[in-house]
Every structure is written in C-alpha cells, then in structure tokens.
Amino acid sequence: MTAYRSIVVGTDGSNSSYVAVERAAALAGDEGATLYIACAYYPTDDRDVAAAADVLKDEAYQVRGSAPTSEILRIAREKAVAAGAANVVEKSVVGEPVESLLSLMKEVEADLLVVGNRGLNTITGRLLGSVPSDVARKSRTDVLIVHTVR
C-alpha cells in the first residue's frame, strides 16, 4: 500500500470535528504526511451571527465557522501536534464546507480527506445532505469518515 503524503481534515470548531483532527493527525504522524487542517467560513457581521445562533440553538457551534477561523485552527493545530502530526498547515477557506474541502484537496494534491460523521445519520443529513456523505460521493480520492458522534 502506498503511504499517504498529504492529508486534509476539516474542522468547524465542534468537539466532534476535533476528534477527526486528532485521528487525521495520528495517521499523518504515522505516515510522515503533511496535515492540512481546513476551516471553511463565510464572512458575516455580528448581527447575522447572533440571528443565526438564535435560530440554530443546539447547532449554534456552526455559527463559529462564520467567524474568523484563527482560534478554531489554533486549537486544531494544538490537538494535531499532540496526536503526533509533525508537519501541520492551517487553511482558512471562504466558502461552503464540501466544495472548500474538495478544492483544497485538489490545490495541495492530497491523498486522503478526513471528516467526522456528524450529520451523516440525521434526518436533515438524509434529506439535505451532509458534509461526510457529500465529500464521500464527490471526492476523487480516499475519504476517511471518522466516527466522532454515535
């Protein structure tokens, strides 16, 4: 089997996405691969973020992805290094998560995409799609879906 040279993992700042980061980092460390940690976002103003948080309630962690990503990526980097990744690159990407991850995969010629399974088995995910199911369907390379929530 060919070793992975570059791995992309997506995070939105949720605890479950950090589990995916840790798993990707351990794999990157074992393989000697570069780990690209990506966080997709849309620029928004404070009023839009507050309104979205009111509507989303328990899913409000997603609103943080609309804010500057520096804190999310800092935490993800710390977790990645602690899990064994030696070469970590942080990427903030403006746009929708699925297309942003796939675009980054192409840009860095990644061998593997790692995402958490959050949303995969929800009614919303089944009706509207979810990041893990959409990237698995659209990716032209290997995808590892980490069981981060059951």
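This is a predicted model: local features need pLDDT of at least 70, side-chain atom pairs count only at pLDDT 80 or more; totals for chains, interfaces and linings use all residues.
Which residues touch the most other members of the largest nonpolar core?

Residues are numbered from 1 along each chain as its sequence is written, and side-chain values use heavy atoms, without hydrogens or water.

**View 1. The largest nonpolar core has 22 residues.** Ile7, Val9, Leu35, Ile37, Ala80, Ala85 and Val114 touch the most other members. A nonpolar core is a set of buried Ala, Val, Leu, Ile, Met, Phe, Trp, Tyr and Cys residues joined through side-chain atoms within 4.5 Å; buried means under 20% relative accessible area (1.4 Å probe, protein chains only). At least two residues each come from β1 (6-10), α1 (15-31), β2 (34-41), α3 (70-82) and β4 (112-116). Helix α1 gives the most, 6 residues. Helices (H or I, at least four residues) and strands (E, at least two) are DSSP runs, numbered from the N terminus.

**View 2. Ala85 has contacts with Ala25, Ala28, Gly29, Leu35 and Ala80.** Residues up to four places away in sequence are not counted. Contact means heavy atoms within 4.5 Å.

**View 3. Helix α4 (residues 97-108) meets helix α6 (residues 131-138).** Their axes, lines fitted to C-alpha atoms over the stretch in contact, come within 9 Å and cross at roughly 40°. Pro97, Val98, Glu99, Leu101 and Leu102 in α4 meet Val131, Asp134, Val135 and Lys138 in α6.

Definitions and conventions
Buried means under 20% relative accessible area, exposed over 50%, partly exposed in between (1.4 Å probe, protein chains only). Axes are lines fitted to C-alpha atoms, for helices over the stretch in contact, and angles run from 0 to 180 degrees between N-to-C directions.
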